[in-house]
Amino acid sequence: MDYIVMMPAAGSGQRMGAGYNKLFLMLGNKPILIHTLEVFEKDPACKGVFLAVKQEEQSEIQAVLDQYKIAKVSRFVNGGSERQYSVAACIESYDGDDIVLVHDAARPFIHQAVITELVRTAAKYGAAIAGVQAKDTMKLAPLGVVEETVDRETLWIIQTPQAFQIKVLRKASNQAKSDSFLGTDESMLVERLGYPVRIVESTYDNVKMTTQEDIVFGEILLERQRK
Ligand code: CTP
Ligand code: MG
């Protein structure tokens, strides 16, 4: 089933500490951004990518896309001051009715099988998000003192991609905007309207490149792929 991607890439990578947008950092012999885009470049079901970027980085990003022959970026959108606003800008500039897959540019190791299952599930039920089960013992301790040990079988660590029927995502995004609600993912916006959101089991290697340690892990994952 066809889908389009809305990809926020307009961050500044503060926690990575490179001094510039971490998406330009090399992982193996390619920038992180290119690794992520290549997943969709290879998927015939992906009809295009809306890429939210900082206006001042657009020409540099275009040059990198040309260098690595990325052809699926169908539109640049001006990113916002928060990730949610960058995704909202993509939603506002889209007038089609395909399934939408929101995916962080900073997650280069997403598996094709997970993407396919997310799109299928969202088409059927409205919303589907990638997650993995918690591996460690999980405790609720809002003030640093344990209130409860939570059954980890019931807890999921949520990633992107997150897939939605566009009408669901648009409604949730518009409502968040009018309520000035800021969430940490698009699913939160959908959940607060009462829509069911299904979890699709993803993989532990779908890490977000956030701090220097993630780059070390990413290099090891690339090595594994080469074997
Ligand atoms: N992002 C975005 N617009 C923003 C902030 C983030 O499009 N205003 C994008 C990032 O480029 C990244 C994804 O959202 O692909 C996930 O965000 P995160 O990992 O937090 O990246 P940064 O915001 O760049 O990093 P940091 O929070 O450490 O500054
Ligand atoms: Mg951020």
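Guide: A residue is buried if 20 or more other C-beta atoms lie within 10 Å of its own, and exposed if 12 or fewer do. The model discussed here is predicted.

Visitor: What share of the residues of the protein chain count as buried?

Guide: The test is the C-beta count just given, with 20 or more needed. The protein chain has 227 residues, and the share of them that count as buried is 37%.

Visitor: Why does the radius of gyration of the protein chain agree with that of a compact globule?

Guide: For 227 residues, a compact globule would have a radius of gyration near 17 Å. The C-alpha atoms of the chain fill a box of roughly 50 × 40 × 30 Å along the principal axes. The radius of gyration of the chain agrees with the globule figure because it is 17 Å.

Visitor: Is Lys-69 buried or exposed?

Guide: Lys-69 has 9 other C-beta atoms within 10 Å, and 12 or fewer is the cut-off. Therefore Lys-69 is exposed.

Visitor: Is Ser-180 buried or exposed?

Guide: Ser-180 is in the loop between helix 5 (166–178) and helix 6 (186–191). Its phi, near 50 degrees, is also positive in a residue other than glycine. Ser-180 has 6 C-beta neighbours inside 10 Å, so it counts as exposed.

Visitor: Which residue does a cis peptide bond join to Thr-160?

Guide: The omega of this bond is about 15 degrees. The residue has its place in strand 10, residues 156–164. The cis bond joins Thr-160 to Pro-161.

Visitor: Which residues come nearest to ligand 1?

Guide: The shell around ligand 1 divides into seven nonpolar, nine polar and six charged residues. There are 22 residues around the ligand, and those that come nearest are Pro-8, Gly-11, Gln-14, Arg-15 and Ser-86.

Note on methods
Residues are numbered from 1 along each chain as its sequence is written. Chains are lettered from A and ligands numbered from 1 in the order in which they are written. This is a predicted model: local features need pLDDT of at least 70, side-chain atom pairs count only at pLDDT 80 or more; totals for chains, interfaces and linings use all residues. A residue is near a molecule or strand if its C-beta atom, placed from the backbone, lies within 6 Å of it. Ala, Val, Leu, Ile, Met, Phe, Trp, Tyr, Cys and Pro count as nonpolar, Asp, Glu, Lys and Arg as charged, and the others, Gly among them, as polar. The radius of gyration is taken over C-alpha atoms; the globule rule is 2.2 Å times the number of residues to the power 0.38. Helices (H or I, at least four residues) and strands (E, at least two) are DSSP runs, numbered from the N terminus.
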